[in-house]
Amino acid sequence: SIAEFAAAEGGPGDATIIASGARTSASKAALANGTMALGFELADFGAGSRYYPFTVTGPLAVAESRHRSGRDFVTAVVLGYELMARILKATKGFVPGQGGSAPRPVAGAFYVPAVYGTVASAVGSAKVLGLDAHHTNLAFGLGTAFAGGTFQGHEEGAWQRSLNGGMASDRGVTAALLAQTGFKATERGIEGVQGFAVQFADGRVDADALFDGLGDSWVITDRWSKSYPLNVTLHAPIEALLQIMEENDLTHTDIAEIDAAWQRVEEFLAKPSVTTIVSAQASLYFALALAAVRGKPTVDDITEEAVADPLIQAMIGRITVHGDEELFTQVRNSMPGAVTVRTTDGREFHAVVHYPRGNARNRLPEDEFFGKYLQMSERVLGKDQATELYERARRVQDIEDMAVLGPLLSPARPETTA
């Protein structure tokens, strides 16, 4: 597993691999934690791109291993989100999804979140280390040099897709630690004649976009958390389908056809044929078939057994999907969807979801958010330890030494009796 690999290659250290309990170097803990976090497909989202785990797992590993405060960690995460958003806007790696047109990657086959997330991880980690402006710029330059990641893992349904989260986090930590030593890196990592913008954005850099409104608002406050462990573009169609089925007391046996309209981002998201868990998490066909047969998707539904389920595979054959650019113009900072269901007895039902649950305009209630967390964490940590970790995380800014979270991130040990 990635956790075992990271622990072995990183050797003994002071950063925790989450759910494993192994302690290794900060960079390799970031590699494992970033990979696992992206693999769950429960990362947050918002206009333009996803910033987690890229801006979080690197600074977390550095904060724990260097005994920094929770306030240092939170500041680094906010900085990472802001920097990533502003570089995206400045280089137009994405046209932010603020209505009018769909987001369009212009970095070819590069996986945009990993590309920009490497830079954000580097600067966030530098902030945790307390580097001055000069050394932070060195970390920034190294982050731009280390940036990379492709969509091919998505295309093939390979684990490499999740590794994007780990690679960006690992490289960001390495950039910051190397910069701390004074290693001379490029000082014009973005705008240089052979720099980041030339490589990933055809040389486009809008300097004003980097600084306009700085401090007036923060991009991290406009993020939204996923309700389902599936690609974020699939959530609105799922909810539209579930709404129709609940309101009309339908089961999957009542459905003759599902027609879904959505804002398609990448072609692989519209593939009806899925053979792996990774490809299933990024297929609208599978997502709708899963919801029709089993109801609201959870992490326990994303299994090889579900991928091969003959009922789900049969339902996939009754589904058609198509893009709807007009639907996207009706929202700001969302991925909408519309579904029409035709039943075996000739009825037809239609539903549109503009802002799925978890969106910044339709946030999950605290108890539901906690329930989602607990469903995943208590099986490893136990309910009491998972609850304690959640409560500490909600007040992370008050933690004096982030190393205190290490034991809480490790598997619960059964109590022993004398």
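Reader: Where in the structure does Lys-226 lie?

Author: This is a predicted model, in which local features need pLDDT of at least 70, side-chain atom pairs count only at pLDDT 80 or more, and totals for chains, interfaces and linings use all residues. Residues are numbered from 1 along each chain as its sequence is written, and side-chain values use heavy atoms, with hydrogens and water left out. Helices (H or I, at least four residues) and strands (E, at least two) are DSSP runs, numbered from the N terminus. Lys-226 has its place in the loop between helix H10 (207-211) and helix H11 (235-247).

Reader: Does Lys-226 count as buried or exposed?

Author: Buried means under 20% relative accessible area, exposed over 50%, and partly exposed in between (1.4 Å probe, protein chains only). Because the relative accessibility of Lys-226 is 1%, the residue counts as buried.

Reader: Why is helix H3 described as largely enclosed by the rest of the structure?

Author: Helix H3 spans residues 57-65, and among its buried residues are Pro-59, Leu-60 and Glu-64. The helix is largely enclosed because the buried residues number nine of the nine.

Reader: At what angle do H2 and H8 pack, and how far apart are their axes?

Author: Axes are lines fitted to C-alpha atoms, for helices over the stretch in contact (heavy atoms within 4.5 Å), and angles run from 0 to 180 degrees between N-to-C directions. For H2 and H8, the angle is about 150° and the axes are 7 Å apart.
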